[in-house]
Amino acid sequence: MINIQPYQNPEYFILLVIGLLPIMIGLLYGRRFRTYETLISIAFLVLTFGGVKWHQGIALIGYVIFELLLIGWYFNYRQKHNKSWVFCLAVILAIVPLVIVKLTPLFDFGKESIIGFLGISYLTFRVVGMIMEIRDGMIKEFHPWTTLQFIIFFPTISSGPIDRYRRFEKDYNNVPDREKYVKMLEKAVHYLFLGFLYKFVIAYFFGQYLMPKVDALAIAHGGWSVWVFLHGYVYAMDLFFDFAGYSLFAVATSYVMGIETPMNFNKPWISHNVKDFWNRWHMTLSFWFRDYIYMRLVFFMMKKKWLKSRIAMANIGYLTLFLIMGFWHGETWYYIAYGLFQAIAMIICDAWQRFKEKHRKMIPHNKFTEAFAIFLTFNVMCFSLLIFSGFLNTMFVVH
Amino acid sequence: MKLKKKLFEIFGPVVCAAVILIAILVSPFNFRSFNSKTIREAAVSQSTNIFKGTVVKQKALEEGYVPFMGSSELSRMDPMHPSVLAQKYDRNYRPFLLGAAGSQSLSQFWGMQGINNQLKGKKVVFIISPQWFVKRGINKNAFALYYSNLQAVTWLKTAKNTLMDRYAARRLLDMPSSHSDKMIEQCLLQVAAGQKLNKAEKVYLDLKYNELIHEDQLFSTIGMNDRVAKIDREASKLPRQYNYQKLDSLAYQLGAKNTTNNPFRVDNAFWNNRLKSQVSKLHGEQAKFDYVSSPEFGDFQLVLNQFAKDHTNVLFVIPPINARWAKYTGLRMSMINDFNQKIKYQLQKQGFNNIVDLTNDGREPYFMQDTIHLGWRGWLKMDQAVDPFLSNDQPAPEYHIDNYFYNKSWQMMQGKKLKQYLQTHQAN
């Protein structure tokens, strides 16, 4: 039994084109072949989670059944009652599988959990988002079938982008009109080829060609050297082009299926500050954290009147958001240090903006200051990704 | 009508690109030839893409280049380097350097797939590094640097159910790089188990071969190190007329000039970059090094077996180790001696009698460029054997391969057992 990981090799893309062709023809003539779409999705899931990875497939099935039951149960409960502790319980239950998967390597000598599978994080984000919107009363109907399609939507299953249920549902239940769909196809082709350039040319150059050379020089030199910092930049480029390329494939595939999955990146390297960066980098994740963790925490603190200072509340929000993001990446010192670094960068960025607001007249604003802002943000972010890459760990901790 | 036009605008270029790409990759046509300038560059570039490929090597060997197989010593390009000497004194051969840091016997064996036809009845110079023969054999990452699926596909097309081929398949399967293509992996498993490949697999290998050979034609010369100017520069330091005495004293001077900042007669740059900062840690560090018991002896047997199959006449070079450095690091000369006896037995027993054994020259000043790599006077001494071997006609060698050398017991044999074995067998 063969196993092909999504968007990794030519075979996958060839199968994708063949599989999507009937869907495309259907949508062009105003029809959505739901049964066929489901069968194709299953086929691609089997391709990813079958063969040598069959145990991941089992874990995925178990996970999906559990989460569907949980959403269904909470939806039914919410129609009659609205207790906070039940809501909390539902969220905790929803993230329990992910927490187990993330903590298992820590307690079991680096072994992977048997309930883990590729993309569990992204599925959990979608489920938690749904539960929160059910609590808010924004999701008014529960359709197990559409929910299932949403959770395991195959183009985005392994690493997002993280869609929102209500947005997905609207697309899924409709067929775009022909003019719009042709525009989507045009974009899809463009994204697909941009993705090829990003992932298989540029990311390959940085990751496979440049990085080993830089790493060898860093290790040969030993200790802190310019090569260590250079690793951060090369890693940042590799990560961006690899992930942005992957995201473009996922969005392109979604478009062909008539689903407007949101974009994940928007030219992050021209960001003027850290906040701007997070509005452009891995956007669906940062918006998810913003909407479901940061905003809710800040509102909660305001409602309970824990603190008077809005600034302090915002800062606590940042720390919480980015530390959770750090822990979510993995239980190692460098992911957590990365989270802390981002939170502090955010706090400083806010403080600077308040300062600038107050002293408008004294601080110049022109092309040069803007260029400097971009330059500074770029370097700060590349340094944060140097922490994130774990290279400091290999250089200074492991041996 | 409008829809069709619009769709054609969107997908027309994609379909065209796909059709052209597939036609290019799968078609059996050759659509690139290499000019002599490219070949000359490739011969001294030591680029991994050239090593992994086939077409450039084939072309070069057809034009009379002689493979110099080895590893990191090949990149020590001083005026006495074989590529420089051959060019300066307009010898009737030009070296094609095959190998760089980390290319050991197994890499060399797989690197020969694709040029076996060109090696038939030809000559090769092969530099053996004792340092390859470590307990664990070739490093898997180093192997990955020099391995390509093209090597495996080329080989699989002619693999047979022989001990040699089963051994080669098994060794390749030990390496993670052979698992990148599931079909190739499956074919290797079958060859390792002595099974025949089926029709579908053979068709797959043929198509895959076309695809990979085209990639090789198009891309293998990208990113080559251009060392031609470097070779020219080194050549300009040599006297116009070849004169061994003069060259030797020049090599002596160059060595003395370049090894002034350390007591080991190691090249200044190498000393500064690689040794200086950790020299105290390296004191006595090699006392336990052992090159006598290693799976590398089995991999080396694959190379010998391939040479025998191709009837290639090979000159083997066993370089020494910088004696001052060996003494400082505590490397045991008795172990080196055992290695030497063992490798020479494996060679001579099977009829590989052209051996340049430099093991005892480690004390000669400026023989080595650094710790373990030949340089200045070492290259020149090697040339004393290489030049006549390549420039003059040689009697055809007679090889008789002994499969015993694939045995684990031979690979691991050391100490008293090895001594006894060599005594009893050399007597006959």
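Is Lys267(A) buried or exposed? Lys267(A) is exposed, because 9 other C-beta atoms lie within 10 Å; here a residue with 12 or fewer such neighbours is exposed, one with 20 or more is buried, and anything in between is partly exposed, with C-beta atoms placed from the backbone. Before we go on, please keep in mind that this is a predicted model, in which local features need pLDDT of at least 70, side-chain atom pairs count only at pLDDT 80 or more, and totals for chains, interfaces and linings use all residues. Residues are numbered from 1 along each chain as its sequence is written, while chains are lettered from A and ligands numbered from 1 in the order in which they are written.

Let us stay with Lys267(A) for a moment. Its position is the loop between helix 9 and helix 10 (274–278) of chain A, where helices (H or I, at least four residues) and strands (E, at least two) are DSSP runs numbered from the N terminus. Lys267(A) is not a glycine, yet its phi is positive, about 45°. As background, most residues other than glycine have a negative phi, and most peptide bonds are trans. Pro161(A) sits in the loop between helix 6 (144–151) and helix 7 (165–173) of chain A.

The domain assignment, which is automatic or taken from a database, gives domain 1 (10–175), domain 2 (191–256) and domain 3 (268–398). The centres of domain 2 and domain 3 of chain A, taken over C-alpha atoms, are 22 Å apart. Their contact draws 10 residues from domain 2 and nine residues from domain 3 of chain A, two residues being in contact if their C-beta atoms, placed from the backbone, lie within 7 Å. On the domain 2 side, helix 9 (residues 226–256) of chain A gives the most, with nine residues. That side has eight nonpolar, two polar and no charged residues; Ala, Val, Leu, Ile, Met, Phe, Trp, Tyr, Cys and Pro count as nonpolar, Asp, Glu, Lys and Arg as charged, and the others, Gly among them, as polar.

The unreviewed UniProt entry places the feature "transmembrane region" at several spans of chain A, including residues 311–328 and 372–392. UniProt positions are given in the numbering used here, feature names are shortened, and annotations may be inferred rather than shown by experiment. In the model, residues 311–328 of chain A are 100% helix and 0% strand, with the end C-alpha atoms 25 Å apart. For residues 372–392 of chain A the figures are 95% helix and 0% strand, and the end C-alpha atoms are 27 Å apart.

Turning to chain B itself, you will find 21 helices and five strands. Of the 428 residues of chain B, 42% count as buried.

Eight of the eight residues of helix 6 (residues 105–112) of chain B are buried, so the helix is largely enclosed by the rest of the structure. Among them are Phe109(B) and Trp110(B). Helix 6 of chain B is followed by Gly114(B), with a positive phi near 105°. Helix 9 (residues 149–156) of chain B also has eight of eight residues buried, so this helix too is largely enclosed by the rest of the structure. What covers its buried residues includes helix 6 and helix 12 (199–219) of chain B.

Tyr366(B) has a positive phi near 60° and counts as buried, with 24 C-beta neighbours inside 10 Å. Lys140(B), in helix 8 (residues 140–146) of chain B, counts as partly exposed because 13 C-beta neighbours lie inside 10 Å.
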